[in-house]
Structures are given as C-alpha cells and as structure tokens.
Amino acid sequence: MKDGENPLRKLPQVQRLLELPAADALAAEFGRAALTHALRETLEALRDSIGAGALAAVPEAQTILESCRERLLARRRPGLRRTINATGIVLHTNLGRAPLAAEAIAAVASIASGYGNLEFDLETGRRGSRTQALEPLLRELSGAEAALAVNNGAAAILLALSALASGGKVIVSRGELVEIGGGFRIPDVIRQGGARLVEVGSTNKTRLADYRAAIDSETRVLLKVHQSNFRMIGFTAEAGIAELAGLARERGLLLVADLGSGLLRPLPGMREPSLGEALAAGADLLTCSGDKLLGGPQAGLILGRKAAVDPLRQHPLLRALRLDKMSLAALESTLMLHRDAPERVPVQRMLAQTEDVLQRRAGQLQALLGGGTVECTQAFAGGGSVPEERIASRALVLEPRIGAEAAASLLRAHDPPVIGRIHEGRLLLDLFTVADEDLPQLAAAVASVLR
Ligand SMILES: *Cc1c(COP(=O)(O)O)cnc(C)c1O
C-alpha cells in the first residue's frame, strides 16, 4: 500500500483537534487535561479499529470529538453500578448476592460517615474486640457456645483449618471434594491451611466406617462440606453430622462442617439444615457465608464450641481475614432483624413471595410495556444453597426483532443495566428478583431497547 492510501495517515493530531471550537466546549465541561487524555484514547481506539480492518476510513473531526465526549461521560459513571436483576436467581454471586435491608444500609451509612467503637470497649475505655457486638447475637440466634466472623465463607474455612488442623490430617468424603465457583476447591484450601487431605469413600457413597478406618494419630479434623451447586442423585450414601460427631467425640477429634449457606431457621419446605440443627447434631464448628440465605453483607460466620472457636481467635490469619466496619455494621443489623423481624430481610421476603404477587408484578411490567407474554418460570435461590429447590415464578417473555442476544446486550448497556435470562432464543425477564419500585426503570430500559 502506498503511504497516501494508508488511512492511518489521515488521523488528526491531538493538538489539531484541541484547537477546534467544539473542543473548547468539551474543555469547559470536563477540563483540558481530561479532554486531552480522552482524545489520545479515542485516537488510539480509532487506530486499532482501522488497523484491524473494522473501520475503512478516518471519521470527521466532529465525529471524533463526539465519540470523545461519550468517553468522557462514561468516565463519570462508576464501574460498579446498581443493576436490575431479572435473572430470577436470588443469590446471584456475579450480581452481588443478597440485597441489604434498609436497616442494614442505614447502619452502614451511620458507621461509615464518622467514627465508631469498632475496637473500643465503651464500658472500660480500653481496646475491645472487633466482633464483640456480633458474638452474643450469633450465639443467641444459633444456640452456639461461641462465635466469630470474618471476611467471607472461604476465609472462615481457611482460618478454621489453619488453626485446628495445621500439621495434621483432615478427613473428607470423596463426594464432598467440591469446587465452589471461582476456583475455590476444598483440597486446595486444606493444603493452604497447612493440613494433609485424607480422602475417604467413593464419589457416590461414603459411610461412617470409611472415616473410622482412615483415622490415625495424625488426624485432627473430620470435615463435612456442603456440596453447594453440585448434587448426586440415585445410588448414594453419606455419613450425617450426628454420626460423624459421635465418631469425632469417641476419637478425640473435631468435626468441622462447612454449611455454605447460613440458614438461621429451617426454611419452610426446604431440606437445608439450619445452623442450630447442625450444632444440635453435634458439630464442633460450623462455617457459612453472611450474604447467602442469611441475607447480610459479604462475611464468613464461624459458630461452635468454645474450645473449637478459641484457637481461631489467636491465629495470625484472623487479622488478615477480618471484617471491615461497614460489613460489621450491616451484619449486626441483619442479625438483629433475624431476631426481631425476619420478614424485613430482603432475601427472606423474596423467598416467601407468592405466585399471586409475581403474577401481578409481571402483569404490571407487561402493561407498562404494552407487549410481551407472561409465562410461568422457575426462580432459584442461587449461591450454592438449595440448588435443587424449584421456586415458582413469573417472567415477561420477549421475542425482540433484533434477536434475544442483541437485546440482552443492549439491556446490559442501559443505565441502570438490566440482566435478563435467555432461554431457547427468547429473552426472559424474571420478576422474582425485581423489586416493585424498579418496575418503571425496568420498563424504560426494555422499551428503549425494543424500539
Ligand atoms: C458459598 C460457599 C463457600 C464460599 O463462601 P464465600 O462466602 O463465597 O466465600 C464455601 N463453601 C460452600 C459449601 C459454599 O456454598
């Protein structure tokens, strides 16, 4: 190609664009330094598009400035944004799991906007423990002798194994050596905790006798892991918490159970064991997440016998895995709601929605849009909790002319972004996870995309 034909040579210089009158307006709105930076990035992007053959000719200077303005506007929007969840998955890990209760949000705002007695004992005027306010609540709600909270569920298991099993062996069923998403694998966590993994049983069947046969003088912990998003059906067997607790006691070991979701009381119609039930069955230590069925902020809860929890308090990892004051405030507030008014916890409220309510909500969206069909769907608790549980829901189903994928992509680009579900080439907006007050914004987003 001769130089004269190379479109890249026609790309204007930053300096020349800055001299245009339209650039003055942009400089006044965004500042000259930001404008210069954005112009460089815009030209860089154009150069890449032309180089890749995606763009045949250099756009007019005016068009370049316009796309520069888009870039400057986008820069003012935060990267982390409130999103409308129309997937029907309540605890969607990629969408931030549990929405917080109004009370928890107020507690966060109050503690974040000033100082607080985070590690200060107001009675004695001395240094206090970070989780001192939380522990009595956790004990009261679960019946545990002792409690502790850390940054997330994964941190809770890592800390528990590091403090209780480092240098020794941990026995786990082969059916429970799961990966929980984002590459969090139980065998890796055991190794990271400085312990050796002893696998027992087979993928589908593990009996108490398998654990018993594997115990030796180096064994410290029997670990039971909730299978999270993974389910075995058919020819299966596992040892329950009560049986394992009996064996642990008999042999002077600890039974640690990673329950995944922190269910404070049995949910009606769901087979998930609650924290209290697992403790009553004899587990020495339980770990679970704060932002799954508990409906709080990201956190990891540790509950159990005092003798099992105390070594965790002394462990140096605790400092690295500790909760920040905003999460602590949200967690304490959520736990108080569980004690006093559990129906105010959004996750609890959502899971209790009736089909009538969902039908009405779907009808409202349909009316706002003047289109789409309302269909019965299934919502999911998500977050690895009760994965097999089917929850009746309603969705507004759209068959956009531009295709479901293209429409979904436009909805993601909307402000606020809307995340739906694609099923067999159709776009489903599941109303289970959409709040009534979000309906007008959801309708506006869909209308703008279907136009
Ligand atoms: C979700 C889950 C975890 C991880 O908890 P995070 O709070 O996401 O770190 C660990 N174990 C099980 C069984 C889980 O379901």
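Me: In which sense do strand 3 and strand 9 (residues 300–304) pair?
Reply: Strand 3 and strand 9 (residues 300–304) are joined over 5 bridges; strands (E, at least two residues) and helices (H or I, at least four) are DSSP runs numbered from the N terminus, and two strands pair if DSSP finds at least two bridges between them. Within strand 9, Leu303 is the bridge partner of Ala147. The sense in which strand 3 and strand 9 pair is antiparallel.

Me: What kind of model is this?
Reply: Residues are numbered from 1 along each chain as its sequence is written, and side-chain values use heavy atoms, with hydrogens and water left out. Local features need pLDDT of at least 70, side-chain atom pairs count only at pLDDT 80 or more, totals for chains, interfaces and linings use all residues, and the model is predicted.

Me: What is the average twist from one strand to the next in the open sheet of 7 strands?
Reply: This open sheet has the strand order 3-9-8-7-6-4-5, with mixed pairing. Strand 3 (146–150) and strand 5 (196–200) each have a single partner strand, so one side of each is left without a neighbour in the sheet. With axes taken as lines fitted to C-alpha atoms (for helices over the stretch in contact) and angles running from 0 to 180 degrees between N-to-C directions, the twist from one strand to the next averages 20°.

Me: Which strands stand at the edges of the open sheet of 5 strands?
Reply: The order of the 5 strands is 2-10-11-14-13, and their pairing is mixed. Each edge strand has a single partner, so one side of it is left without a neighbour in the sheet, and the strands at these edges are strand 2 (89–91) and strand 13 (421–423).

Me: At about what angle to strand 11 does helix 16 run?
Reply: Strand 11 (residues 391–398) pairs with strand 14 (residues 426–430) in the antiparallel sense over 4 bridges, and Val397 stands opposite Leu428 of strand 14. Helix 16 (residues 355–369) lies across strand 10 (373–382), strand 11 and strand 14, contact meaning heavy atoms within 4.5 Å. The angle between helix 16 and strand 11 is about 10°.

Me: Which helix gives the most to the shell around the ligand?
Reply: The ligand is surrounded by 13 residues, the closest being Gly153, Ala154, Asp258, Ser289 and Lys292, where a residue counts as near if one of its heavy atoms lies within 4 Å. Strand 7 (254–261) and helix 7 (153–165) each supply at least two residues of this shell. With 3 residues, the element that gives the most is helix 7.

Me: How much of the ligand's accessible area does the protein cover?
Reply: An oxygen atom of the ligand is 2.7 Å from an N or O atom in the side chain of Lys292, and a ligand oxygen is 2.8 Å from a polar backbone atom of Gly153; a polar contact is a pair of N or O atoms within 3.5 Å, and within protein one must be able to donate a hydrogen and the other to accept it, with residues adjacent in sequence counting only if both atoms are side-chain atoms. Of the 380 Å² of accessible area that the ligand has on its own (Shrake-Rupley method, 1.4 Å probe; for residues, only the protein chains shown count as cover), the protein covers 92%.

Me: Which residues does a cis peptide bond join?
Reply: Pro416 is placed in the loop between helix 17 (404–413) and strand 12 (418–419). With omega about 0°, the cis peptide bond joins Asp415 and Pro416.
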